[in-house]
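Let's take a walk through this one together. Have the viewer open and follow along.

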Amino acid sequence: MLYAEPSVAPKYTQLVPSRITDSVLSHPLFGLSAEELTARLVEAGEAAWRGQQLADAIYRQRIQSVGEITTFSKELRERLQARGWEVGRPRIAQDFRSVDGTERYLVEGRLPDGQAGPDTVETVWMPEGDEGEAGDGSEEESAENGKNWSRATICVSSQIGCAVNCQFCLTAKLGLQRNLSAGEIAGQVVTVLDRQKVEIGRDRVNLVFMGMGEPFLNYDNFMGAVRLLVDEVGLSPQRMTVSTSGIVPGILRFAEEPAEIRPKLAISLNAPNNEVRSEIMPINRKWPIEAVADAVRAVKLRPRERVTFEYVLLAGVTDRPEHAREVARVVRRSGLPAKVNLIAWNPGPGIPYTMPAPEAVDSFRRSLAGEGVAVYLRRPRGRDIYAACGQLKRTVEGG
Ligand code: SAH
Ligand code: SF4
């Protein structure tokens, strides 16, 4: 999940008023692959070759209404609309912009037919990127794409809430509300690409599945979304990173995915040893560090690909000098080509930890680097929009 410095008072700009509608579409097309769209067309007595056109309209041209698909004749558009066919892409219900350019969106999800809805998920746009590499001190590039950013990262949610119960995480406080569908996960991305006028193949956009939720506890929908994003939207899986708290069966399934479709992998290590990890991440009692590392070793990494270990620094709990040495040992023992992303913990209401001192963060980083570990410090983004996962949702719901 993403977060902000809560010591800074929320000073957000609300760009669009909330417009949450309650229409449940009878035939949302968004979320179906080109193949599924083709099958649906054929079933309706239409030509099969229209399937790819429909997929291109929805995912590449980002058309939101069947009535606007100009590659279709007026008659065909009207026939489909008369049957109740609609694109049904998730929409941005509300957005917040930070002074640093970060934008946070409440994206309106669509519940399956027959259920009440919709409800919202959080998605974040970070121009200039902040998914690890961006913390490497590299110079900001001047935008050559005519936009005010040269690269960007979209942080995507996979569930509403989370069941994993990490003690330092705000999303955990919500519990698991529900899984997102593949269309709702991919829909966050397409909606933001559209908002930012991203040109696929030209602009540098990375995706991180690090928003709300545990992607590997919603595996089929998560990978379904990745497939849509690769096959239909045209994004590269090598520009996507999925973060997991260490769900071993999920990692083993992930290891079976073909390289053409598999994103890069990040593991939330967050502790120097099993004792501390079990305390702050109860899931560690089920799948301890060694079990997670064994599972990760089953993933056939691409040339030069590295696994990321995320490490949240909690004052006194995970940020001591001896912890840095232990982390270096854990990384070495894993035998994995790896890098460590340090994240200074951000507090939230009712969470009993303390932020690390800047000096502790710095000496932790230097100590790991001194041990020969590739280490990056993740820059906090969107501080002034009080961007903690879960918190924004709460403010909107009037909590
Ligand atoms: N559920 C997945 C992905 C979402 S969490 C996972 O846990 O990996 C993404 C990252 O945010 C994780 O590395 C998590 O450890 C980190 N995180 C959670 N709460 C945080 C907080 N309050 N401050 C800093 N990082 C946090
Ligand atoms: Fe938060 Fe990730 Fe843990 Fe879920 S698994 S509680 S999102 S850190």
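Start with Q81: leaving aside neighbours within four places in sequence, its contacts are S65, V66, G67 and E86. Keep in mind as you look that this is a predicted model. Q81 sits in helix 3, which covers residues 74–82. One of those contacts, V66, is 15 residues away in sequence, yet the two C-alpha atoms are 6.8 Å apart in space.

L76, R77 and L80 are the buried ones in helix 3. They span an arc of only 100° around the axis, so they end up on the same side of helix 3. The general rule behind this is that an α-helix has 3.6 residues a turn, so residues three or four places apart point the same way. On the other side of helix 3 you'll find K74, E75 and A82, which are exposed. And what covers the buried residues? The cover includes helix 1 (34–43), helix 2 (50–60) and strand 3 (85–86). After helix 3 comes G84, with a positive phi near 85°.

K197 belongs to the loop between helix 5 (182–195) and strand 10 (204–209), while N270 belongs to the loop between strand 12 (264–268) and helix 8 (274–280). Their surroundings are worth checking too. K197 is exposed, with a relative accessible area of 60%, whereas N270 is buried, at 3%.

On to the inside. The largest nonpolar core has 107 residues, and F168 and F209 touch the most other members. Which helix gives the most to this core? That's helix 6 (residues 219–233), with nine residues. If you select F209 and leave out neighbours within four places in sequence, you get contacts with V156, I185, P215, F222, V226, L229, M240, T241, V242 and S243. There is also a second, separate core of six residues, with V124, M126, C155 and M210 among them.

A search of the whole structure gives nine aromatic pairs. In one of them, F216 and Y219 have ring centres 5.6 Å apart and planes at 55°, so the pair is tilted. In another, Y219 and F222 have centres 6.5 Å apart and planes at 75°, so this pair is edge-to-face. Y219 and F222 both lie in helix 6, three residues apart, or about one turn of the helix. F216 and Y219 are both buried, and F222 is buried as well. Ring pairs join F209, F216, Y219, F222 and F254 into a cluster.

Last stop: ligand 2. Which residues surround it? The shell around ligand 2 is made up of C162, V164, N165, C166, C169, A172, G213, E214 and S245. By type, the shell around ligand 2 splits into five nonpolar residues, three polar and one charged.

Definitions and conventions. Residues numbered from 1 in each chain as written. Chains lettered and ligands numbered in written order. Predicted model: local features only at pLDDT ≥ 70, side-chain atom pairs only at ≥ 80, totals over all residues. Heavy atoms only, no water. Near = heavy atom within 4 Å. Nonpolar A, V, L, I, M, F, W, Y, C, P; charged D, E, K, R; others polar. Core = buried A, V, L, I, M, F, W, Y, C linked by side-chain atoms within 4.5 Å. Buried < 20%, exposed > 50% of the residue type's maximum accessible area, 1.4 Å probe, protein only. Helix = DSSP H or I, 4+ residues; strand = E, 2+ residues; numbered from the N terminus. Contact = heavy atoms within 4.5 Å. Arc of directions from axis to C-beta. Phe/Tyr/Trp six-rings, centres within 6.5 Å; stacked < 30°, edge-to-face > 60°.
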